[in-house]
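The sequence and the structure come next.

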Amino acid sequence: MKRAFLALIAAIACSASGFAENPIASPTRVVVLGTGTPSADPERWGPAVAVVVNDRAYLIDCGPGVVRRAAGAERNGIAALRAKELKIVFITHLHSDHTLGYPDLIFSPWVLGRREALEAYGPHGLKNMTSHIEKAWTEDVRVRREGLEQANATGYKVNVHEIQPGVVYRDSNVTVTAFLVRHGIWKEAYGYKFETRDRKIVVSGDTAPTDEVVKACDGCDVLLHEVYNPRGSELQDAHWKEYFRTFHTSPAELGEIARRAHPKLLVVYHQVLERLPESDLVEQIEKEYSGKWVSARDLGVY
Ligand SMILES: [Zn+2]
Ligand SMILES: [Zn+2]
C-alpha cells in the first residue's frame, strides 16, 4: 500500500516536471563525427556518424580519425562517445575512406580500457579485412597483453557480422535495417535505417540516387545523404563525369531524392567538394531543395 502511494507521488512529480509526457530518458541524437571524403581536408575527417540513444553510441562507418573525433564529441558533452564505449559499428561499404579508421576502432578503445569485443556489421569481405588487420597487429597485441601494460585479453577482438538487406540488429534502444544502395561497381554497398523510440534516422552511405533511400526514409526525422559538386574541374572530363554519375549524387539528384523522401531534416554529409568552396555546393542545393536542410560539419549534432 505504502509502495503504491510512493509510486503515485512519483508519478505526480514526474508529471509536474514533464517526464510523464516525455518518458524518453535521452532523446536520440545524430552526431556527425567526420564529413570527409578521400580528400586530405584537415577540417573534414573521414566519414563516420554516431546515433546516440540512452547513453549508447551506434557508429556508422569508421573513416580516418574516428576515435579522436568521438573523443571530441565526448568533450562537447556526449559521454556515450568516450573511447571505451565504442562497441558497435555498421559499415556501409569497404571503400578505404570509410574503413581506414577500422584498426583504430578495433585497437584504440581496447588500449583505453574497453573489455568487450567490437561488434562490426557490414558487407561481405568484412571478415577478410578484419582477419588481415588482426594479423597485421599480432605483435602489438602480444606485447600489450604480456608486457607491463597488462592489457585485457578480450577488448581487441571483433565479432564480424556479414549482413544481407533487412533487419540486421535489434536491442532495447534501436532497430537497425540495412538496404542496398547503388555505388558504381561495388557489389554490396549499404545504407542504414535506425529506428528508436523517438526518431527514425536514415544514412545513405555512398550512393548514386536510389529509390531505396526514398523508401527507407519515407518522412523520417533525419536523412543523412552524400553529395558531390558537379562544377569541379575534374568533372569536365568525360571519364570522371561517368564515375560521379554512377557512384555519387549531384545536387539536382539530391533535391529530387529529398523531395520524394520528405525527411523532417536533411543533413548533407560526405560532401565531395572538388576543391571548390562549400558555399558553391550550398548554393546549388538551395536551388534544388526548399525543405529544411543543413550542410554538416565535423562534430555537428542533429
Ligand atoms: Zn566515400
Ligand atoms: Zn565509396
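Which backbone oxygen lies 3.0 Å from a polar atom of the side chain of Thr99? The backbone oxygen belongs to His95. The model is predicted, so that local features need pLDDT of at least 70 and side-chain atom pairs count only at pLDDT 80 or more, while totals for chains, interfaces and linings use all residues. Residues are numbered from 1 along each chain as its sequence is written, chains are lettered from A and ligands numbered from 1 in the order in which they are written, and side-chain values use heavy atoms, with hydrogens and water left out.

Thr99 lies in helix α3; helices (H or I, at least four residues) and strands (E, at least two) are DSSP runs, numbered from the N terminus. Thr99 is buried, with a relative accessible area of 6%. Here buried means under 20% relative accessible area, exposed over 50%, and partly exposed in between, using a 1.4 Å probe and protein chains only. Leaving aside neighbours within four places in sequence, Thr99 is in contact with Cys62, Ile91, His93, Leu94 and Met129, where contact means heavy atoms within 4.5 Å.

Thr92 sits in the loop between β4 (88-90) and α3. Its relative accessibility is 0%, so Thr92 counts as buried. The side chain of Thr92 makes a polar contact of 2.8 Å with the side chain of His93. A polar contact is a pair of N or O atoms within 3.5 Å; within protein, one must be able to donate a hydrogen and the other to accept it, and residues adjacent in sequence count only if both atoms are side-chain atoms. Beyond four places in sequence, the contacts of Thr92 include Ile60, Asp61, His98, Glu188 and Tyr192.

In soluble globular proteins, nonpolar side chains tend to be buried together. A nonpolar core is a set of buried Ala, Val, Leu, Ile, Met, Phe, Trp, Tyr and Cys residues joined through side-chain atoms within 4.5 Å. The largest such core has 33 residues, of which Leu33, Leu59, Leu81, Tyr102 and Leu105 touch the most other members. Elements that each supply at least two residues of this core include β1 (29-34), β3 (56-60), α2 (66-75) and α4 (102-111). The largest share, five residues, comes from α4. Leu105, leaving aside neighbours within four places in sequence, is in contact with residues including Leu59, Val66, Val67, Leu86 and Leu118. A second, separate core of 28 residues includes Val32, Val168, Ile201 and Ala296.

In α2, the buried residues are Val66, Val67, Arg69, Ala70, Gly72 and Ala73. What covers them includes β1, β2, β3 and α4. Gly77, which follows α2, has a positive phi near 110°.

Strand β2 holds Val53. At 3% relative accessibility, Val53 counts as buried. Not counting residues up to four places away in sequence, Val53 touches Thr28, Tyr58, Asn173 and Thr196.

Most residues other than glycine have a negative phi, and most peptide bonds are trans. Asn54 is not a glycine, yet has a positive phi of about 50°. Asn54 is placed in the loop between β2 and β3, and at 34% relative accessibility counts as partly exposed. Glu274 also has a positive phi, near 55°. Glu274 is in the loop between β12 and α10 (278-288); at 15% relative accessibility, Glu274 counts as buried.

Grid points are joined across faces, edges and corners, and a volume is the space filled by probe spheres set on the points.

The largest pocket has a volume of about 490 Å³. Of the 22 residues that line this pocket, the closest to its centre are Thr37, Pro38, Ser39, Val272 and Glu274. α3 (96-99), α8 (238-247) and β12 (265-272) are the elements that give two or more residues to the lining.

The count of cavities of 30 Å³ or more comes to one. The largest cavity, of about 30 Å³, is lined by Asp55, Arg56, Ala57, Ala80, Glu85 and Lys87.

Key: 1 Å grid on protein atoms, 1.4 Å probe; cavity = no way out; pocket = protein on both sides within 12 Å on 5 of 7 lines; lining within 4 Å.
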